[in-house]
Each structure stands twice: as C-alpha cells, then as structure tokens.
Amino acid sequence: MSTSTQEIEKLIGQDYKQGFVTDLDADTFPPGLNEDVIAAISAKKKEPEFLLEWRLKAYRHWLTLKSPEWAFVKFPPIDYQAMSYYSAPKDKGDGPKSIEEVDPKLLETYKKLGIPLAEQERLAGVAVDAIFDSVSVATTFKEKLAEAGVIFCPISEAVQTHPELVQQYLGSVVPVSDNYFAALNSAVFTDGSFVFIPKGVRCPMELSTYFRINAANTGQFERTLIIAEESSHVSYLEGCTAPMRDENQLHAAVVELVALDNAEIKYSTVQNWYPGDENGVGGIYNFVTKRGDCRGQNSKISWTQVETGSAITWKYPSCVLTGDNSVGEFYSVALTNNHQQADTGTKMIHIGKNTRSTIISKGISAGKAQNIYRGLVKVLKGAENARNYTQCDSLLIGDKCGAHTFPYMEIRQPTAQVEHEASTSKISEDQLFYCMQRGISAEDAVCMIVNGFCKEVFKELPMEFAVEAQALLGISLEGSVG
Amino acid sequence: MSVQFKEHYVSQYSALQASLPGTGLPWLNALRKQALDRFSRSGFPSPREEEWRYTNVAPIERKLFSPFVGTASVDSASLARYRVDGAACLVFVDGQFNAALSTVPEPGEDIVICPMGEAMEKHPDLVEKHFGSVIQRESSGFLSFNTALFTDGALVFLPEGMKIDCPLQLLYVSASPDVLSTARNLVVAQPGSQVEIIESYVGLGDAGYLTAAVTELLVADDSYVTWSKLQSENGRAFHFGGLYADVGPNGRLDHSSFSFGGLLVRNEVHVDLAEASECSLDGLFLATGRQHVDNHTRIGHRKPHGVSREFYKGILDQRARGVFQGRVIVDQYAQKTDSEMNNRNLLLSSDAEIDIKPQLEIYADDVKCAHGVTVGQIEDESVFYLQSRGVDAVAARNMLTFAFANEMVGKIDRPALRSLVQDELLDALPATNLRKEWL
C-alpha cells in the first residue's frame, strides 16, 4: 500500500511543461474596460459598423449582470478593470500573410508546444489556426482548403471578408444576453476561428486551432464560429496552453456551432491551460460558453473534451437539438489535481422529434481538487421519441478530493426515454497489485487504469489528439494517487 | 401580498400563544420566537433557492390558513378505511389530538407514547433534551414555520432495549376548510430498541387546507425503526411533510413513502448516518390532474461503513408534475460507504412533466456510490404481449401501470398496511378497472 502510494504520488507531481513565456514585443492595451476600449478593439480589427454596435449592446447588457454564483467553485471576485483586453505581438505592416512572415520567435513558441506550423505545409496533416493572446498569428493550409470551398480563417478576418455570414450567424446560438461571461466575451472578443463548410462538402482535413495566452495581465476572449451547411462534414480540434504565473488569468471564450440539414460537426478540445502550482496559486480561470445548434434535420454535433488544465474550469458544451432526427453527443474526461476545480458537463435540449443524445462523462479527482459533473437533459413537449443516455463516472484518487454529480432532468414528453447512470469508485489495491504482479510498475499501472477508465472518451478523439491526451493524463496525474 | 401572509401568521401566533403546547416552558417560547422571527424574514421558500427550483409554493402564500380553535367533530366511521389493523393509533384532527378517536397503548416500562401537549406537561425534561437536536440548522421556511406554530404532535420515547410489538399509527386528519395543521413529532429510540411507525395524512371534505408537519427521529445505536408514510390528502390540499432522522452506530432506518393525494405536495426525508448504520428509503408517488408532487431526499454519510439504499418510483398522468431530488453526501471520513439510488418514472400523458435531480457529493475515495434514473413509458411489446393473450390495449396499459407501482407496495412487510396502501393505490390510479380481488 504505502510503496505504491508513494510512487503514485511521485508520478502525479510532474511539472507543467508549457509554462514558459515568450519574450515578444507586444501591442497591449492598458488595463481597463469601458466603451472606448471596445471601440478601440473594434477599430483595431477594422470591423464593420454592425459589429461595434453588437459589441456595445453586449457590453451594456453585461453591466446589468452579476457574476453567477451557482457553480460549485470558489474564487475571489475578478477585477475586470485590472486586466487588459487586447494584446497582440507587434508586427510590421498589416500582419502575416503567410508563414514566412510570422515572427520567428512566435514560431519557436509553437514549436516548443509541439505544433511546428512550418512543417505542417509539408506533412499533409492538420490545418492549424494559431491564436496568440488576442490575435491569430497564422493559418496553415489556406489554399488547399479554399480549393474545397472551405473558409477557415481568423474571425477578425472573416468579419471583413465575409461580413454577411458573420452577421447572420454570430450570436445566433449564444446570444449576447446568454450569460455573464458570454456577454463579456461578446463585448470584447478579439479573435478566434471562423469555419464555413459549404453545402455538400466534406472538409478534406482536420481543422485545428491552437490557443495560447502569453502576455501577463490579459484576459483571452476568443470567439469561434463554425457553420456547416447542408450535408457537409467537419472535424475541428482545439488545444490550449499558457505560461506559469502567480496571478490568475481569465479566459472567457464563446464557441458557436451551427449544423444545417444532414451536416455533422465534430468538435474536440484538449484543454491544458496552466492549472496553477501545487498550492493552488495562479492558473487560468477557464469560463467558457460552448453551444451547438443542430438546426437542420438529421444533423449531428459531437463534443469531445479532455480537460486537464486550468485552475477553474467552468464549461458546459451543449447541444440544442432543434432539427428532427438530430443527434447530440458529449464525451468528456475532466481531470483535476492539487487545488484545481472543475464544474463541467453538458446540456442537451431536445426540441425536434426523434432526437437522440449521448453523454459520457469521466471525472478524475486527485489531490485536493473538486470535480463536478453538472448536466441538464431537457425534453420539450414536441420532442416525440427523444432518447437520452447519460453515464457519468467518477474516479477518486486520495481522500482529500471530491467528486460530485449534479444531473438535472426535465422531461415533458411521455414517449421520451431517458436513462441516467452514475458511479463513483477508486483505483483498488487489487487492480494495482494485479498489474504489478505482472511486472508493470505502479506508475504505469495507475496510468493504465486511468486510461482504461477514460477509454470510451479517448476513442472519440482524432488519432493525434488521443495520443496527446493519454500523455497529458499521465503528466497531470503525477503526485496524486493514494 | 407577500407581507400579508407573514403578518397573518405572526398575528396567529400572538393570538394562540397561550394555548400552544409547552407555553409555560421558557426554552420553548424562546425557540418559537426565534423561529417566528426567521419566518417573518424569509417566508416560505422561493423557487430561486436551489433546493426548491422545481416547486413554487406561491399558491400557499396566496391563501391564509388558520389553526383550528375549538373541537372538531369527525365521524369515527369515516376514518375506518385509513386505520391499520392491529396498530395502536393516535388521531389528530385539524392539528389537535383527539382522544376519543385514538387508541393509546398502555405505556409500560418507561415507554412514553403521548400527544405533544401532554408531553410538555408530563415529560418536559425529555422533550427539552431532544427537541430540535436533529434539526439544528433550519434550512427551509417550512421548518421555522412549524417550530413557531405547531399545535400538537406525538412524543414517542423508547428506553434502552425496548421493543413495541404492535405498530404505532399517527393519523392526521384535516376536516375543516382553510385549516392549518401543524404537527411536530419527536421520536426517540434509545440504544437497542425497536419500533414500527405508520404516519398517515388524510383529508376529509373537499375544501383546501395546509398541512405542515415535521418529525424529528433519533435512532440510537443498534436500534431499528421502520417508518411508513401514507399521504392521502384531498385534491385541494397543500402538504409539507419533513422527516429528519439521525441514525446512530449500527442503527437502521427503513422508510417508505406513498404519496397519492394533495394538490401541491412536498415530501422531505433527511437521514444522517453514523458508523456502520444503514437506511433504506423507498417511495412511490402518483399524481394526476394538476397535482404537483415533490419528493426530496437527502442522505448524509457522516461516518465510515454506512449503507444506504434508495428506490423511488413515480407515475404522472394528465397535467401532473413530479419532482424527485435525491441527494447523497459522503463526508471525507465516511470511507467504505456503500450507497445506491434508483429512480424510475412513468409518464402517461403528453402534458405531464417530471424533473429529476439525483445528486452525489463525495469527499471520500474508498466508497461505492451509484445512482440510476430512467424516464419512459409503457413498452409497446408488453402491451402487445397482453393483447395477444386477449386483453384489450387500455386494460393492458392499466395492468402494466399498476404492476409498475405495485412493486413498491409489494415491499411492505405488514399485510394490513400493504392491503391499505393497495386500496389507496387503486383509488388513485387513473381509469383503472382493476379489482383488488383479481390481484
């Protein structure tokens, strides 16, 4: 018992490897938030008129709201006037048009993070949009995507090149008045990815965005909008890291997905923001609103997330199943260690007939962390034959952590079939002993068992991400098992 | 508006103060006063409170209820169908103990069974020692309301190692219109004792009224308490019933709740478990018309090796709305806890609604906790099977609905009680032409 415990604890105590800071000349706004700052952001981005108004409307609404307190997380009040709402690496001229023009220091940062943008041109792999603090620095594979008719670009570019699409869809899934952080994001968002898949197109490659917070005292507010027209298909990945700092930084993103008839969107996240040190100092507050609207018939939206980072994670990727026969899926692994807190889950709103949803959530809690699953399954009156299956399992490692489940089910349709299962367990001594007796070290055994616990979710991830996620899990677990 | 009902109840308290049980006891007066202050500040709970998000008690605030003054007359025959054969019975009419209708057992060997009014006079020390010891934190407006205004209730005290052979029935009858029935019960089972209690709520007449009953139950080491609650209020009644139980080491509580009546109903069961103690909570709720039935349970595993089992079933027809909230909390030191919760619901109409919130809050790692919830309708295959055997579709559905509910009734050990609950179930089931003789 004691030997394995110690070894496991050693294993869980690894360092955050993405915690470096890149020394760059940055163009950063002074801290503070008011209508002038919003106008300045809008001007910086050369946005059309409607967007500025939309931002101001969101800001004015935000001022009337109070920070929500219902989540099972604790953090001191955030001073929204103390942070900067815009930070961009300084560049000469109008910004990078191709990878050759990008600041080599930046490219090196991404190389350290394991996304060599330059190499990607050669390796026929994944198209990457990299977002550094407030701006998008490079988008790869633009030409090849354009051939297929796919638009994949920073949202700040999309508002200039495709304003009609942005105007039509922006805020149509997550309205500015949706919640506190969504309203804030709508007012001050600085960049994000924009994806448009035209009718009948199957996106020829995986699309991916890499988010990085670099500058101190800034908040990152990105906005992602993905539109899949009739009978199209896209798979989108996002990854995130941040430097190690003692103060907390806010990340309040909004992601909107729209799937029209027969379209399918698969959205995968590996979230590895800096989680703070083992005493709970520093780390990112990850307060994100993600929602997909299955607007068309037979459409499908699938969320897969691996949440290992952030001091506090607070996000509920949701599916609004409006179209008949539409499908929503949510696969999640949330790992919390040390003083991390995660309050995460999903909402499945069944509106159309024969809509189906699946929720698989795996929470792993170690150290002094609190891991919460919070989910809502709502079946409205018109959602005949709606079907939901929910499974949320928790794994506790150590006796000082907590794992909680708060599912809500609101059913107004007698033909609906809703099932919910939850269980809580720990890694048993027997399991560990069995592995060790077969010559597997304690660390590897724990990793193996945890990976097995998460297998149902990992198998939903694209190949490259699945490998990364498994490795990440091993690192994040270091020093936690008891 | 909202001020009006608070003022009404404050003035009711002032008017009744002299006649309330235990009015000569300073500690109780202080307690009532505090509770009244709390109530006049907070009022009844609002749906903004997380624990009440699916139940809006505003209709209760819109009407003003008053405790009954005088002696209500109830025909003994009208209560016959609610009495459990072989049980001693304490009858409370409109919140007041009625000796003529009751059969109080001969209390032998220090066993105390008496109405609260009498208890305050004869056993004030006993009451003072235990009163309020389970409900230390009054979490809801109804608790403060009850503490301030309770007009009667039962005191049951079992000394160490005592066992009461016959079950004890507490029968609460509401007969007058707009009456407020506030019963407060205190049941203390000392180490190694054993008792079976049946709590029934009955409404005679058609007018609306409010029942706000609270029970504190202390199950000491190695004791065993069986508790059944049968709620058959009338169709216009508002009902709040809360059981707050503390179970000592190796103690056991078996609770089952059958909720059929009432317009707006909230059943609460709170159990805190000590080392190696066990509880099982079973429940069946059935609602039709515009009924709203909320079942709220909380099991707190405070110490290691506790075992809890929970199984609730709900049937909702027409425009009824059902709520089930099951909360299981496992404290940091409650290792080796074993907890299971199950909730199954049947929706029979497209206007019915069910809201479910099973919650697990776990702070210990070496535990086994699981919960499962399902919502569905009667399977077409089962109906088809019966049809192929010559049963028409409507009858088949009724049979299957009954069978779904009867699983919970079948768990009752005592035949007299089982038969009584089954009668109530058959009455409450929508459009059944099932006859008891066929079963």
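Into which domains is chain B divided? In this predicted model, chain B comprises domain 1, made of residues 3–68 + 81–274, and domain 2, which covers residues 378–439. Taken over C-alpha atoms, the centres of domain 1 of chain B and domain 2 of chain B are 32 Å apart.

The two domains meet through 11 residues from domain 1 of chain B and 10 residues from domain 2 of chain B. On the domain 1 side of this contact, the elements that supply two or more residues are strand S10 (224–232) and strand S12 (252–259) of chain B. Of the elements on that side, S10(B) gives the most, with 3 residues. Sorted by class, the side of domain 1 of chain B that touches domain 2 of chain B holds 6 nonpolar, 4 polar and 1 charged residues.

In soluble globular proteins, nonpolar side chains tend to be buried together. Here, the largest nonpolar core has 251 residues, and Val195(A) and Ala228(A) are the ones with the most contacts inside it. The biggest contribution to this core comes from strand S9 (residues 210–219) of chain B, which gives 7 residues. Because domain 1 (3–68 + 81–274) and domain 2 (378–439) of chain B both give residues to the core, it lies between them.

Once its neighbours within four places in sequence are set aside, Val195(A) is in contact with Ile151(A), Phe152(A), Leu207(A), Ile226(A), Ile227(A), Val234(A) and Tyr236(A).

Definitions and conventions: Residues numbered from 1 in each chain as written. Chains lettered and ligands numbered in written order. Predicted model: local features only at pLDDT ≥ 70, side-chain atom pairs only at ≥ 80, totals over all residues. Domains from an automatic or database assignment. Contact = placed C-beta atoms within 7 Å. Helix = DSSP H or I, 4+ residues; strand = E, 2+ residues; numbered from the N terminus. Nonpolar A, V, L, I, M, F, W, Y, C, P; charged D, E, K, R; others polar. Core = buried A, V, L, I, M, F, W, Y, C linked by C-beta atoms within 7 Å. Buried ≥ 20, exposed ≤ 12 C-beta atoms within 10 Å, placed from the backbone.
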